[in-house]
There are 2 protein chains.
Amino acid sequence: MPADDTRLRIAVDVMGGDRAPVEPIRAAARISRETTLDLLLVGKREVIAAELDRVDHRPAQLEIVDAREVITMEEKPRAALEAKPDASLAVAMRAVAAGDADALVSAGSTGAIVLAAAKLLPRIPGIDRAALAAVYPTRKRQSSDDPFALMLDVGATVRVRSHDLVHFAYMGHAYARAISKVARPTIGLLNMGSEPTKGDAVLRQAYAWLDEDPTLNFVGNLEGNDIPTGGADVIVCEGYVGNVALKMAEGVSEVFKGLGKQAFKQSLLWRLGLLLLAGGLRRLKHVTDYREYGGAPLLGFRAPVIKAHGRSGEVAIANAIKVAAKAARDGVCAEIERAVAGFHARRDGSAGC
Amino acid sequence: MPADDTRLRIAVDVMGGDRAPVEPIRAAARISRETTLDLLLVGKREVIAAELDRVDHRPAQLEIVDAREVITMEEKPRAALEAKPDASLAVAMRAVAAGDADALVSAGSTGAIVLAAAKLLPRIPGIDRAALAAVYPTRKRQSSDDPFALMLDVGATVRVRSHDLVHFAYMGHAYARAISKVARPTIGLLNMGSEPTKGDAVLRQAYAWLDEDPTLNFVGNLEGNDIPTGGADVIVCEGYVGNVALKMAEGVSEVFKGLGKQAFKQSLLWRLGLLLLAGGLRRLKHVTDYREYGGAPLLGFRAPVIKAHGRSGEVAIANAIKVAAKAARDGVCAEIERAVAGFHARRDGSAGC
C-alpha cells in the first residue's frame with residue numbers, strides 16, 4: 001500500500017478480455033489523459049506501442065512491460081498458467097507482488113485471474129481463502145444510495161468455514177466503504193431462513209461471530225429473495241451458493257428478455273406496447289449495464305485485483321482502473337488486514353478457528 | 001401402495017393453508033363430484049360437516065376424521081407439533097402411516113409438513129433424507145412438452161452427501177415420469193461449472209454415480225442459469241443451494257414487477273405500453289400461476305405427500321389431490337424404492353456410502 005504522498009501505479013493486463021488488446025490500451029490512454037495515475041501496460045510491447053501511436057495519451061504515465069504470451073478465454077486456466085509462465089496476466093501479477101504496482105486490472109478469464117492471484121500474490125495474514133465479489137444492482141436500499149450491492153464469494157471458493165465467512169464480511173465492509181462511500185455498510189449472511197439457528201453448524205457459528213462483532217453492521221440471516229430486493233449492502237456466502245444464485249438471476253433475466261422478444265413477434269399490439277416501453281427498458285438496461293461500474297473485486301490479497309467483464313470496452317476498463325486506484329488509495333486491503341487481525345486476536349490469537 | 005383394483009384414498013389436511021378450512025373442504029367436495037376418489041377429510045368434524053352442507057358433494061366418497069387442533073402458518077413448526085399431537089396435519093400423517101390413506105395433501109406450513117412427515121411417516125428403505133421438490137416453469141425444453149420442471153431438494157435438507165443426491169435423482173425421475181409423462185426425464189446436477197471435476201468431493205462423487213447409472217438420463221452438471229432456461233427436467237441439489245436459488249428467482253421477479261409498476265406511475269406512454277402488453281403479461285402469469293399445478297411433492301416416504309401453496313383455493317387444492325392420486329396410482333414411491341435398492345445393491349449392499 002503506497003503512502004499518501006506516493007503516486008499510485010496500476011498494472012493493466014492489456015491482453016485479457018474479448019476486446020483485447022485494443023480496448024484495454026485505449027482505456028489506458030484515456031486514463032493518462034483524464035487522471036494523474038501511472039499505469040503498467042502488460043502485454044506484447046510492439047502491439048501496445050502501435051496502438052498507443054493511434055490515440056492521444058500522456059507517455060510519461062504509461063510504462064510498457066513486455067509479456068510474450070496470452071491466456072485466452074477458452075483455455076483451461078490451470079493448464080494455461082502452467083504452460084505460459086510469461087503470460088501477460090502472470091507478469092502483471094508478479095509486478096504487483098514485487099511492489100511495482102499497487103493494484104491490478106484484467107478483463108481476462110475469471111478462472112485464470114483467481115488462480116494466478118492465488119499462486120502469485122501474497123495473501124493478507126490470517127486469510128486462507130480469497131473471495132470474488134459480484135457487484136449487482138438491487139431495488140433501492142435504505143442503507144445506501146448506491147444502486148449496487150456486493151455479494152461474496154461467487155466463485156473463488158466452493159465450500160467455506162465459519163471464519164472464512166467472517167473474513168468475507170470484513171472484505172465487503174472495507175470495499176463498500178471505499179467504493180460506495182457507505183460509512184457502515186449493512187452485512188447479511190445468506191441462509192435459508194432468518195432465525196439465527198437456521199442452516200448448518202458452519203452458518204450458525206458464522207452468525208454468532210458476525211453478530212458479536214461491534215465493528216460490523218450485521219443485519220442477520222438473509223434469504224435468496226433478499227439479494228435482488230436489497231436486503232443488505234454486502235451479502236456473504238460460500239462460492240457454490242453465491243455462484244448458483246448469481247447465475248440463476250442471469251437465467252431469469254434471459255427468460256424475461258426472451259418472453260419480450262416472443263411477444264414482439266406475436267402481436268402488433270404487443271410490439272407497439274414494447275416500443276412505448278423502450279424508455280423504461282433502457283433505464284433498466286442502464287442499471288444493469290456492466291459499462292457503468294468497474295468490475296468485480298477479488299479480495300483477500302495485499303493488493304486489490306479488479307476483474308472487468310470479458311466484454312468490457314474502453315469506458316468499462318477505464319472505470320475498472322479508477323475503481324482499482326480508489327481501492328488502493330483508500331487502503332481497502334490494509335483495512336481488511338486490521339479487521340482480520342482483530343478477529344483472530346479476539347479468538348485467542350488462533351488463526352485456525 | 002394399493003393394488004390396481006383397490007380404490008385410492010387420499011388424506012386431506014383441511015385445516016392447513018391461508019384459506020382453510022373453506023377452500024380445502026370445497027376442493028374435497030369438487031373431487032367427490034368429478035372423480036371416483038375416496039378422501040379422508042381431517043379436521044374439526046363440525047366445521048367440515050357444516051361446510052359440506054353448503055356445497056354439492058357425494059358423501060360416500062368423503063369420510064371425516066376428527067382432529068381438534070390446528071397448526072397455524074405463524075407457529076414454529078417443531079414446537080407446534082410437540083404441543084399439538086392431535087393437530088389435523090399429524091392425524092392425517094398417522095392415517096397414511098397406518099395404511100388408511102395412500103397419499104396426503106396439505107396447504108399448511110411447509111416446515112410443519114416436512115417435520116411431521118419425518119416424525120410420523122415410514123421412509124423408503126435406504127433413504128435417510130427426504131426432499132422437497134419445487135415445480136417451476138422453464139423456457140421450452142427439448143426433453144419434454146411440460147412447461148414445468150422439478151428441482152429438489154429446496155428446503156427439507158441443508159447439506160447432503162453424494163448418495164442423497166443420487167436418491168434425489170431417483171425421486172425426481174419417478175415423479176416426472178408419473179406426473180409429467182416424460183419417459184426418460186433428463187437429470188442435471190446443480191454445480192458451479194459444467195466439467196465433471198467442478199465442485200467439492202460430494203458433488204464429484206455424485207456426478208460419477210449419476211453418470212454410471214444406466215437407468216438415469218443424466219445430462220451432467222448444470223449451472224444456476226440452466227434452472228430457468230430449462231437445462232433438465234429434474235435438477236438435483238442440496239437444500240441450502242436449492243432454497244437460495246428458488247428464492248433468488250422469486251426476488252428477481254418481484255423486482256421486475258416493481259419496475260413495471262414504477263414505469264406505470266411515471267409516464268403516460270409507458271402506461272399505454274403496459275396496457276397493450278397486458279395480454280402477454282397475463283400469459284406469463286398463466287405460466288407461473290400456482291393454481292395451474294398441484295403443489296410441491298415431498299418425496300422419500302412410502303406414500304406421496306403433496307404440499308399445496310399456502311394461498312391455494314378450491315381449484316389448486318383439487319389439483320393437488322389429483323396429483324397425489326396420480327403419484328399413488330402410478331407407484332412413484334415403489335419405483336423410487338426399487339431404484340434405491342438397486343443402487344445400494346450395486347454399491348456392495350451398503351446403505352451408508
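**Close-up 1. Strand E5 of chain B and its link to strand E10.** In this predicted model, E5(B) is joined to strand E10 (residues 296-299) of chain B by two bridges, and the two strands run antiparallel. E5(B) is mostly covered, with six of its seven residues buried.

**Close-up 2. Strand E5 of chain B and its pairing with strand E6.** Here strand E5 (residues 131-137) meets strand E6 (residues 148-152) of chain B, and five bridges hold the pair in the antiparallel sense. A handy landmark is Pro137(B), which has Phe148(B) as its bridge partner in E6(B).

**Close-up 3. The open sheet of chain B.** Eleven strands make up this open sheet, and their pairing is mixed. Follow them in the order E3-E2-E1-E4-E11-E10-E5-E6-E9-E7-E8. Strand E3 (62-66) and strand E8 (217-222) of chain B stand at the edges with a single partner strand each, so one side of each is left without a neighbour in the sheet. On average, neighbouring strands of this sheet are turned by 25° against each other, direction ignored. Helix H7 (residues 201-212) of chain B lies across strand E7 (186-190) and E8 of chain B, and its direction is at about 170° to E7(B).

**Close-up 4. The open sheet of chain A.** Now let us turn to the other chain. Chain A has 13 helices and eleven strands. Eleven strands form an open sheet of mixed pairing, ordered E3-E2-E1-E4-E11-E10-E5-E6-E9-E7-E8. Its edge strands are strand E3 (62-66) and strand E8 (217-222) of chain A, each of which pairs on one side only. From one strand to the next, the twist averages 25°. Within the sheet, strand E1 (residues 9-13) of chain A runs parallel to E4(A), and four bridges join them. Look for Val12(A), which stands opposite Val105(A) in E4(A).

**Close-up 5. Two helices of chain A against the strands.** Helix H6 (residues 162-180) of chain A lies across E5, strand E6 (148-152), strand E7 (186-190), strand E9 (234-236) and E10 of chain A, running at about 160° to E9(A). Helix H5 (residues 110-120) of chain A is mostly covered, as eight of its eleven residues are buried. Among the buried residues of H5(A) are Ile113(A), Val114(A), Leu115(A) and Leu120(A). The buried residues of H5(A) pack against helix H3 (77-83) and helix H4 (88-97) of chain A, and also against strands of chain A including strand E4 (103-106) and strand E11 (305-307).

**Close-up 6. Ala324(A) and the largest nonpolar core.** Which residues touch the most other members of the largest nonpolar core? Of its 251 residues, these are Leu41(A), Ala133(A), Ala324(A), Leu41(B), Ala133(B), Met151(B) and Ala324(B). In chain B, the core draws at least three residues from each of domain 1 (1-124 + 300-329) and domain 2 (128-295). Zoom in on Ala324(A): leaving aside its neighbours within four places in sequence, Ala324(A) is in contact with Ile10(A), Ala103(A), Leu104(A), Val105(A), Pro304(A) and Ile306(A). As background, nonpolar side chains tend to be buried together in soluble globular proteins.

**Close-up 7. Chain A as a whole.** Stepping back, 56% of the 353 residues of chain A count as buried. Among contacts in chain A between residues at least 6 apart in sequence, 71% join residues at least 24 apart.

Terms used: Residues numbered from 1 in each chain as written. Chains lettered and ligands numbered in written order. Predicted model: local features only at pLDDT ≥ 70, side-chain atom pairs only at ≥ 80, totals over all residues. Core = buried A, V, L, I, M, F, W, Y, C linked by C-beta atoms within 7 Å. Buried ≥ 20, exposed ≤ 12 C-beta atoms within 10 Å, placed from the backbone. Domains from an automatic or database assignment. Contact = placed C-beta atoms within 7 Å. Pairing = 2+ DSSP bridges. Axes fitted to C-alpha atoms, helices over the stretch in contact; angles between N-to-C directions.
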